[in-house]
Amino acid sequence: MTVATETAAPLAVPALVASHAGVWIADADGRVRGVGRGEAIARAGDSPHLLLNAPVTASRLGLGELSGLDLLELFAFLCPARFCVPTARGLAAALGLPAPAGDADAAFLQRAAAALLAMPARRDWPERRGAWTILQSLGRQRWPWAPHLLRLIAKPEKAERHVFQTLPQWEEAAARPAPQVVRLPADEVAARLARLVGPGAEQRDGQRAYADAVAQAFAPKARKDDGPQMVLAEAGTGIGKTLGYLAPASLWAEMAGGAVWVATFTKALQRQLDGETARVWPDAAQRRARVVVRKGRENYLCLLNLEDAVQGGFGGRAAVFARLAERWAEYTRDGDMVGGDLPGWLPPLFGRMSFAGLTDRRGECIYAACPHYRTCFIERASRASAQADLVIANHALVMINAARGRAEGTGMARIIFDEGHHLFDAADATFAVALTGREAVELKNWLLGPERAAGRGRRRGLSARLADAISYDDDAAKAVERITDAARALPSEAWLARVADDSGEGALELLFAAVRTQVLARAPPEDAATGYGLETQVAEVLPCLVDAAAAASAALGRMALPMAQLEARLALLLDDPPDWLDGQGRARVEGARAGLVLRGALLSAWQQLLARLGGPADADFIDWLELARADGRLLDVGIQRRWLDPMRPFAAAVLEPAHGVVVTSATLRARPDALADDWRDADARTGAVHLPLPARHFAAASPFDYAHQARVLIVTDVKPRDVAALAHAYRTLIEAAGGGTLGLFTAIARLRAVHARLADPLARAGLPLYAQHVDPIDTGTLVDIFRAEPGASLLGTDALRDGVDVPGSSLRQVIMEGVPWPRRTVLHAARRLAGGGNAHDDRVTMGRLAQAFGRLIRRADDRGHFILLGPAVPSRLLGAFPAGVPIDRVTLDEAAALVRAGFARTGQDAADVPSADGSITPGAS
């Protein structure tokens, strides 16, 4: 969208640009010169400068923080809920300005500032509503942009209503009737798919066959005890699986009048899928009614937290962020702060705690007792999903709702799990139990209220929230008193310091101190020296830990009993409400009762976990003791429990109640190239083996010509884990490709070390380098920058190995630092033993290689190299790559030559390039 209709005069404020290539300052008159870091820091400290992403600029200057006039903050105020890549080129595209010449064009910041400040004068500025009112508050917060805007934004003739008054209210609706029993006609599925693909698009046989296979999951059940109609559908990249399953899903929703839940593992795919639904429902208003995106509560803006923040609960920079979030709240589609229309780059400008304070991360929600309940984004999404045709959620939310029996409307009878290769890991995390210091503090805060927040609204604890109810019920009051007394056994302020000193003030702190003692005694010395997390299996437990576990279990029992008694009293109160219990009081009672049920189940799980210490092992579970550390600093202590096979509880909670389930991915099987009918591992890792009827299997190979579009190079002369050698290899290959590289690491420490050696020289060569765990930018925004910036490269870890979709020339090379073997943990060791030893490791590793390779070729005209560094790449793992793709073992110099030859003619058809042995392989790019 073009905002600037004419060239605006540059803003007469100096501008500062700092990158790995250098530092430049544009004086107030627009003259640009290169300066050293020292001069830049001094200049920025003397007077405010225009900046673009202050935290990134500060990191390039070697500073902890930097203040000034950040253009991203100005954009967020003037254009709330609009997308913008947070770079100079991205800002230019968002504003309709000519792109800057490069990093040295610091005067671009002045031109961009002028264009932004010209917006309020335009009659068609769409975000005018609410700007003046919030600007007054930002002025009192001394926001640097406020003086510039106050003279440009006129006071409205009518007083502006506050965002809490303007947000639409959701309405209660009658329960949706049960879906009709229908069978999807094959010709109608094909017709729906043809409409979604479009009249001018090529009809793909694989996509049509895939849609037919998925449609089988929507067939009526034959017998009650049969379990769901389950389809495992592996669709190679390029098949078009999204439209392939949207066709039968949308047709069934229309014919049956039911809802289909589509679950993804990554937020990136949720965004992509949400966009694809426009093909099904082109009308935006209809689409809003038919499609709902659902996430966990911690993703949404909490209006009560926002009210606390803007009424003085936040100070300093956090208060500025709260006001910008308040401005965004009036324009957001759904209040989603993580992966929604709140720019991912905005929270990092203000610090992590500023963001965390505005979402419900502590289980404090008081539901109907909240004054903003009728406008709550979470409640609105929940009710909308009960009436929607398509609910886009994530794996964890589907599992949690099913496990807690909280599926909206008519339940989750039809579910499609996209990114199905992650289903095992999602179930593993969802059905886990963790008794840690942080979890225990969370419980204490809910029961008693945070120690530092006494008297603040709903954070006052259980006794204050139920004061009106228990004042009329002696039994309930006594139960609350016993809960309060028992909760003092939970960790209190500064608990971590006491545990680190082998001391404690209560039963739970003493337990965590004993856990720490055993972990330090048993952890391998080489692991202890790294400064990162430590763990040890639960075996030959020390007597001090057995005694501490018994005392902690007894303390938890003293909480559990009165909590159950209080929940029963509240249930009676709700069943036969007295005259004095008004609507607000009833809402508080309902919220407290729901919280007691949830936390009662948590206490029971903790007690079962503690019974294992010093007792017999349970073959169904894997338990271990853990110290969470970062850079040698202790962050948490606890006991972890996982199911040996988490697909057992998943099948019971999610699959068995459903009528139809589809699990789909490009890599459901570890080796799609061999033993095409071997689905045993896929059946096990999706829960299909735990159902009474076998799943249906479908596989469609990718239509891409991998033999001519991609090449795998195994570089044999780079020493594994040698940072200097890795850095040299990455630099050589990135320069050979001219950027466009995704670099994947198995260890954050090596990623950081390699980045430190590469960033400056690559930037001076015009090849910007970004990195997870280094740049103060969220992962989603890093991918947006990588996709939009020519010549850029991106380094990352697991989060970038899966779910990154960067088609075209922006990604033409993937480099892995080595074979991504599973990390040696207690959990891995147990599953390895149960899963066949080396065969288990090979399956996991091949799945990771297949997913990483899948980032490279995303469409028919993509070309690229997939490069593994290190000599020790077993041939048995190479089946992870598509059949026909050339695989060569080469030296680093040979690899660089192949990469240079393959990309010398970027944008043309695959060229004839020399092979490692000097021969010519037609079309191997």
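**Entry 1: the sheet with S18**

I started at strand S18 (residues 741-744), which runs parallel to strand S21 (residues 813-816) and is joined to it by 4 bridges. Within this pair, Gly-743 stands opposite Ile-815 of S21. For my notes: helices (H or I, at least four residues) and strands (E, at least two) are DSSP runs, numbered from the N terminus, and two strands pair if DSSP finds at least two bridges between them.

This is a predicted model, where local features need pLDDT of at least 70, side-chain atom pairs count only at pLDDT 80 or more, and totals for chains, interfaces and linings use all residues. Residues are numbered from 1 along each chain as its sequence is written, and side-chain values use heavy atoms, with hydrogens and water left out.

Next I wrote down the whole sheet: it is open, has 7 strands in the order S19-S20-S18-S21-S22-S17-S23, and pairs in parallel. Strands S19 (769-771) and S23 (887-890) are at the edges with a single partner strand each, so one side of each has no neighbour in the sheet. I noted an average twist of 20° from one strand to the next; axes are lines fitted to C-alpha atoms, for helices over the stretch in contact, and angles run from 0 to 180 degrees between N-to-C directions.

**Entry 2: the sheet with S8**

I then looked up another open sheet of 7 strands, also parallel in pairing, with the order S8-S9-S7-S10-S15-S6-S16. Its edges are S8 (291-293) and S16 (696-700); each has a single partner strand, so one side of each is left without a neighbour in the sheet. Neighbouring strands here are turned by 15° against each other on average, direction ignored. S8 pairs with S9 (residues 390-394) over 3 bridges, in the parallel sense, and Val-291 stands opposite Leu-390 in S9.

**Entry 3: salt bridges**

I found 49 salt bridges in the structure, taking one as a side-chain nitrogen of Lys or Arg within 4 Å of a carboxyl oxygen of Asp or Glu. I picked out Asp-418 and Lys-241, whose side chains meet at 2.5 Å, N to O. Asp-418 is in the loop between strand S10 (414-417) and helix H19 (423-430) and Lys-241 is in helix H11 (residues 241-256), so the pair ties together parts 177 residues apart in sequence.
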